[in-house]
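User: Hi! I am new to protein structures and would like to learn how to read contacts and ring pairs. Could you take me through an example?

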Amino acid sequence: MDKIDISTILASAIHESKNHLGTILYQLESLKRLNLDQEGQKSLRKVEEGMKQLNDEWVEYLYLYRLASDGYEVLYDCHALEEFLDDQVFALTPSATAKNLLLEFNADQSLTAVFDERLMTSVVSTGVYNALRFAKTTIQISAYLENDYLVIAIEDDGKGFAQTAEKEDELLFQTNTGLGLYFADLSAQAHSVEDRKGFISKASSAALGGAKLAIYLPQ
């Protein structure tokens, strides 16, 4: 018998599970049309947002597998950052609202940059989901140029990376395995211009006082 490639099997299993989850999310739409009381609606929203997050995490794992196995080809294109961040905030606002948090973005209207939109969409989602665990009131996504790098930053007003303590999460399926930061780092490094590669930085947020995750992409 030929040797089994367990990594390929796991990637295929995640892909299949992701498809099943998509079917369940579709079926949840019918439950939203029922005449549920306020508590029931709140519980349904938590389940829905938890499942959406799990779906996004599986997308991240599939990209992570392809990046780690050199099976991903970066698709470079020029994007308007205001439009890109507006799309991310629109998609992630329901998760923030479920935790009574404000999610906002800040980018110059004229700012454009070259990057892989699919990878960065997943990286931003990962950063925001992590911030959801610790933010008190606000999460901010920003984009700007610094020394010929595009910087996409996710900041919150929580305790910050150094002082973050374990606490119970209000959203379902949320864990902190460290894979998110590893994925963000691999995604940044996949972007290169000549001898310069992307990277990530963890710091304190000067604007909000909590944590700041910055993704640097060479331009």
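**Helix contacts and ring pairs**

Analyst: Happy to! Contact means heavy atoms within 4.5 Å. Here F84, Q88, L92, S95 and A96 in α3 meet E117, M120, T121, V124, S125, V128, Y129 and L132 in α4. Helices (H or I, at least four residues) and strands (E, at least two) are DSSP runs, numbered from the N terminus. This is a predicted model: local features need pLDDT of at least 70, side-chain atom pairs count only at pLDDT 80 or more, and totals for chains, interfaces and linings use all residues. Residues are numbered from 1 along each chain as its sequence is written, and side-chain values use heavy atoms, leaving out hydrogens and water.

User: How do I read a pair of aromatic rings?

Analyst: Such a pair is described by the distance of the centres and the angle of the planes. Rings of Phe, Tyr and Trp (its six-membered ring) pair if their centres lie within 6.5 Å; planes under 30 degrees apart count as stacked, over 60 as edge-to-face and the rest as tilted. This structure holds four aromatic pairs. One of them, Y149 with F199, is edge-to-face, at 5.5 Å centre to centre and 70 degrees between the planes. Y149 sits in strand β5 (residues 149–156) and F199 in strand β8 (residues 199–204), 50 residues apart.

User: Is Y149 buried or exposed?

Analyst: Y149 counts as buried because its relative accessibility is 13%; buried means under 20% relative accessible area, exposed over 50%, partly exposed in between (1.4 Å probe, protein chains only). F199, at 34%, is partly exposed.

User: Which residues do ring pairs link into a cluster?

Analyst: Y149, F199 and Y216.
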